[in-house]
Amino acid sequence: MTKAQSNVEPINEKEDDDDDEGGDSPSQFDEHPVASVGFIYVGSILGVYLRHVLQDPSEYAFYSYVFPNFLGSTLAGFMKKFGSERLPHRSVSIGVGIGLCGSLTSFSSWMKAAAVLVGPEPVLTSDFHKVYLAVQICVVGAAVGIAGYDFGAVLGCVLSEHYTTTKSSSLKRIHFLVLSVAAAITTAAVVVSFTVWEETVLLVALCTGPLGALCRWKLSTLNTIYPSFPMGTFVANMLACALLATVYVLQLGEFSSGTVSCTVLHGVANGFCGSLSTVSTFVTELRSIACPLRSLAYGVASVASAQLIMMPTIAIYAACVDDALQNGTACIYQ
């Protein structure tokens, strides 16, 4: 596995050579691709589930995603300062950073909260107020992520001063085995629940979420092209925004008003799109880029590009589905 595939959140890859006692070294064992995929899969399931539980669907879309984005960014900041070498294995760090943090936070859902202001949903406000509210959502959303990251970084610094890294590679292997068994049990429990779970939207989200996280992990190989502009994360976030805008306009149409169609659309939006995009990696990269001006340029380019993708898509398509919105048959009402 290449270094770029580990993305930004898992850090501190240094391993002590004097720990090797023959056979596979801890570093080689930790970075096994199959193990990394497994932990990303399990971490993504947990992240999607937590995001589903923490967000309040009765609230306006932006506010429902504030706390999940804050929490995931806090964990990312904690991992940055606490150090991934203090975890039992490298694959665990990858699973926490890319799987859990990346799926708990959602860049595309945050951008959608601003983009829908140009759509047909009833927002009783003037055009000027809509523009102001959209800018507010973008600015405050970024501030929430950065504040969460900084808060987690402080916690990581404090805890790292009182933590001694274990030197036993055999103990690391035991930890890895225990975590692998736990991951298998978690996955099996979710699979078994497929036949009895009534929350079918969450079920679809849990099925598609890990796929989005794995796609983002693969796209992270592009991050080394321009160190001051992480192209992999940018492409993942833009693809997620484009797909989410498409799903949203499909939800506006009367043809999507069937129960199965709505369930799949809601599940894909919450699962695959939410996990393909990430706020935790985004704010980690903003803090990691050395030049403040380049960091600002990356942040502004990401937010502006997302809105340029989503707003025209929603605004143009919304004009064609007034009937479905007027009679309440659109999928967004179900």
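What percentage of the 334 residues of the protein chain count as buried?

1. **Burial and ground rules.** The share that counts as buried is 48% of the 334 residues, where buried is under 20% relative accessible area, exposed is over 50% and partly exposed is in between, with a 1.4 Å probe and protein chains only. Please keep in mind that this is a predicted model, in which local features need pLDDT of at least 70 and side-chain atom pairs count only at pLDDT 80 or more, while totals for chains, interfaces and linings use all residues. Residues are numbered from 1 along each chain as its sequence is written, and side-chain values use heavy atoms, leaving out hydrogens and water.

2. **Overall make-up.** The protein chain has 14 helices and zero strands; helices here are DSSP runs of H or I with at least four residues, strands are E runs of at least two, and both are numbered from the N terminus. Among contacts with a separation of 6 or more, 85% join residues 24 or more positions apart, contact meaning heavy atoms within 4.5 Å. The chain exposes about 15100 Å², and carbon and sulfur atoms supply 68% of that area, computed by the Shrake-Rupley method with a 1.4 Å probe, where for residues only the protein chains shown count as cover.

3. **H7 against H12.** Two packed helices are described by the angle between their axes and the distance between the axes. For helix H7 (residues 127-160) and helix H12 (residues 280-288), the axes come within 9 Å and cross at roughly 70°. That makes H7 roughly perpendicular to H12. The axes are lines fitted to C-alpha atoms, for helices over the stretch in contact, with angles from 0 to 180 degrees between N-to-C directions. Angles under 35 degrees count as roughly parallel, over 145 as roughly antiparallel, 65 to 115 as roughly perpendicular and the rest as oblique. On the H7 side the contact is made by Gly-145, Ile-146, Tyr-149 and Asp-150, and on the H12 side by Val-283, Thr-284, Leu-286 and Arg-287.

4. **The salt bridge.** Which residue forms a salt bridge with Asp-150? The partner is Arg-287, with the closest N and O atoms 2.6 Å apart; the rule asks for a side-chain nitrogen of Lys or Arg within 4 Å of a carboxyl oxygen of Asp or Glu. Asp-150 lies in helix H7 and Arg-287 in helix H12, so the pair ties together parts that are 137 residues apart in sequence. The count by this rule is one salt bridge. Asp-150 is partly exposed at 29% relative accessibility, and Arg-287 is partly exposed at 46%.

5. **A nonpolar surface patch.** Tyr-49, Leu-50, Val-53, Leu-54, Phe-67 and Leu-71 form a nonpolar patch on the surface, with about 490 Å² of accessible area together. Helix H2 (33-54) and helix H4 (66-82) each give two or more residues to the patch, and H2 gives the most, with four. Patch residues have over 30% relative accessible area and no salt bridge; nonpolar side chains (Val, Leu, Ile, Met, Phe, Trp, Tyr) are joined within 5 Å, like charges within 9 Å. Leu-71, in helix H4, is partly exposed at 33%.

6. Ser-109 sits in helix H6 (residues 107-115) and is buried at 5% relative accessible area. Leaving aside residues up to four places away in sequence, Ser-109 touches Tyr-65 and Leu-244. Thr-278, in the loop between helix H11 (259-276) and H12, is buried at 0%. Thr-278 and Arg-216 are 62 residues apart in sequence and 8.8 Å apart in space, C-alpha to C-alpha.
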